[in-house]
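Work through the exercises below with the structure open. Try each task before reading its solution.

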Number of protein chains: 2
Amino acid sequence: MNINDLSCLKEIANNVRLAVMPLIGTFESRKVLGRGFGGDRTLLIDEVAENSITKFLEENGLSCIFIGEERGVKKFGEKPTQYMIVDAVDGTTNATRGVSFVSTSLAVSPTNDLGSIEVALVMNLCSGETFEAKKGEGAKFQGKEIKTSETLYLKDAILGIDVSRAPNTVELAVPLMKKARCVRAFGSASLEICHVASGFLDAYVDLRGALRTLDIAAALLIVKEAGGTMTQHNGAGFNGYLLTEMNRFSVIAAANKTLHRDIFTFLAKS
Amino acid sequence: MNINDLSCLKEIANNVRLAVMPLIGTFESRKVLGRGFGGDRTLLIDEVAENSITKFLEENGLSCIFIGEERGVKKFGEKPTQYMIVDAVDGTTNATRGVSFVSTSLAVSPTNDLGSIEVALVMNLCSGETFEAKKGEGAKFQGKEIKTSETLYLKDAILGIDVSRAPNTVELAVPLMKKARCVRAFGSASLEICHVASGFLDAYVDLRGALRTLDIAAALLIVKEAGGTMTQHNGAGFNGYLLTEMNRFSVIAAANKTLHRDIFTFLAKS
């Protein structure tokens, strides 16, 4: 078993799901335990989920540099040659309230670079539905190959956008909301970017500067392998950002280059 | 069998689900057939869904004044004594794209008045999960009694809000987006109002003046029976609006009176 096998990542995600399911929508899940490496409050549900992953790594003697929301950077095994970056529960607020849009995000890279992720899996923890990708081999949803949509212009796009907990950045999103055909906000960035990968959405934009490396690592590979384009808000890519460092990003993920350019230029002039 | 039995409504909803499931996320589902009574474009999926309901009424000899998005007002049986108001597919855009947040909304009333709905059921057509209520008997989710949340202030609230397809009204929503704790937009009003009923969300606000009588009829009873407060944006109730007339509303649905007042007064001064 090796963590750069998708079957291994799927087993890990299924383990998270089993651990987390009994907590979805419960008061217990919201218990605050402290503040994690990611800077957010650690709730019981986050802790239980990440714990199920590190326990799996230990029990199966898997070796990696682990980067997680709660534990930060942790070495597993002797001389690890891979990095595994994890958001055990993306959509914690949804999870604690019982909304069925919650994911676990797992990404594996041979080097300490956000641009070099080679294997990625995002699972909806409520439905068990899974998005996955291997570098150069395309992306899949529920085992079937996926492609992004063919929507070319913002005016025709179903746009996912999150403005939660960032009052100062809401105004930045307003022109997009007015221009897009439909606006959605589901509350789990990794899962929403995967929705762009599968064509459920046409684009996902987050201008809060709040998304962390571990939120986007897996979804970045999945949307690119499905044919999408994803950059930072300023057009820059993600190469050169250390996985072991906690950076925060604004992102534009779009179904294709044309739609990405349309959103980017619209934002630049609005 | 009588349409004011919840078991009958559930059978109807299950029928819609069976008819619609094969179309979710397909190109076929988006085929435009014309424009319905509700004023929206009729897509194949809407037609198939509503058709499964009227067929059920006919085959089982059920009697009612039927009000639907596509067919408008139609009499079933001799001397009907009840009104049945239906949105066969709420969240058509989600449905055509494959997003698992789509519902069917069924409400029954003894009189031609939106304020007199007595039985209501909203089913998530993807998961089959069901919200239901009978006047004076409380509301249920998946057969279990539900109560709205105890969140009292907008600043602490998870707020559902839809700004799609209404650029001129986005600015009205901006102060709410800045003030609320979290913002969500799932794309099916009846299901989102039911999410307020179950405590998944704290409030749902729609300021576009776009929600039709048939979008809100079922959810209105369900959220009230769960302890919530729902009014129009100006504080007015829904009594006296004919079910057979196509009115459009802006709404504030909140977990309780205090939260409703907090949102209402905040909107009034912003």
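This is a predicted model: local features need pLDDT of at least 70, side-chain atom pairs count only at pLDDT 80 or more; totals for chains, interfaces and linings use all residues.

**Exercise 1. Find where the second largest pocket lies, and describe its lining.**

Step 1. Start with the volume. The second largest pocket holds about 160 Å³ of space.

Step 2. List the lining. It includes Leu114(A), Gly115(A), Ile117(A) and Lys135(A). Leu220(A), Leu221(A), Lys224(A), Glu225(A), Phe238(A) and Asn239(A) also line this pocket.

Step 3. Sort by class. The lining has five nonpolar, two polar and three charged residues. Gly counts as polar in this scheme.

Step 4. Domain 1 (6–146) and domain 2 (154–269) of chain A both give residues to the lining, so the pocket lies between them.

**Exercise 2. Which residues line the largest cavity, and how do they divide by class?**

Step 1. The whole structure has one cavity of 30 Å³ or more. About 60 Å³ of space lies in the largest cavity.

Step 2. Take chain A. Ile161(A), Val163(A), Met177(A), Val183(A), Arg184(A) and Ala185(A) are in the lining.

Step 3. Take chain B. Ile161(B), Val163(B), Met177(B), Val183(B) and Ala185(B) are in the lining as well.

Step 4. Classify. Ten residues are nonpolar, none is polar and one is charged.

**Exercise 3. Assign a geometry to the pair Phe66(A) and Phe76(A), then treat Phe66(B) and Phe76(B).**

Step 1. Over all chains, a search finds 13 aromatic pairs.

Step 2. Read the geometry in chain A. The centres of Phe66(A) and Phe76(A) are 5.8 Å apart, with 75 degrees between the planes. Planes over 60 degrees apart count as edge-to-face, and this pair is edge-to-face.

Step 3. Phe66(A) is in strand 3 (residues 64–68) and Phe76(A) in strand 4 (residues 72–76) of chain A, so the pair ties together parts ten residues apart in sequence. Both Phe66(A) and Phe76(A) are buried.

Step 4. Turn to chain B. Phe66(B) and Phe76(B) have ring centres 5.8 Å apart and planes at 75 degrees, so this pair is edge-to-face. Phe66(B) lies in strand 3 and Phe76(B) in strand 4 of chain B, so the pair links parts ten residues apart in sequence.

Step 5. Check burial in chain B. Phe66(B) has 0% relative accessibility and counts as buried. Phe76(B) has 5% and is buried.

**Exercise 4. Decide whether helix 5 of chain A is enclosed or open.**

Step 1. Count. Nine of the nine residues of helix 5 (residues 189–197) of chain A are buried, so this helix is largely enclosed by the rest of the structure. Among them are Glu192(A) and His195(A).

Step 2. Look past the end. Gly199(A) follows helix 5 of chain A and has a positive phi, near 85 degrees.

**Exercise 5. Locate Lys79(A) and Gln142(B), and give the phi of each.**

Step 1. Recall the background. Most residues other than glycine have a negative phi.

Step 2. Take Lys79(A). Its phi is positive, about 35 degrees. Lys79(A) is in the loop between strand 4 and strand 5 (83–90) of chain A. Lys79(A) is exposed, at 73% relative accessible area.

Step 3. Take Gln142(B). Its phi is positive, near 55 degrees. Gln142(B) is in the loop between strand 9 (139–141) and strand 10 (144–146) of chain B. At 42% relative accessibility, Gln142(B) counts as partly exposed.

Note on methods:
Residues are numbered from 1 along each chain as its sequence is written. Chains are lettered from A and ligands numbered from 1 in the order in which they are written. Side-chain values use heavy atoms; hydrogens and water are left out. On a 1 Å grid over the protein atoms alone, a cavity is a set of points where a 1.4 Å probe fits but cannot get out, and a pocket is an open set with protein on both sides within 12 Å along at least five of seven lines; lining residues have an atom within 4 Å of a point. Grid points are joined across faces, edges and corners, and a volume is the space filled by probe spheres set on the points. Domain bounds come from an automatic or database domain assignment. Rings of Phe, Tyr and Trp (its six-membered ring) pair if their centres lie within 6.5 Å; planes under 30 degrees apart count as stacked, over 60 as edge-to-face and the rest as tilted. Helices (H or I, at least four residues) and strands (E, at least two) are DSSP runs, numbered from the N terminus. Buried means under 20% relative accessible area, exposed over 50%, partly exposed in between (1.4 Å probe, protein chains only).
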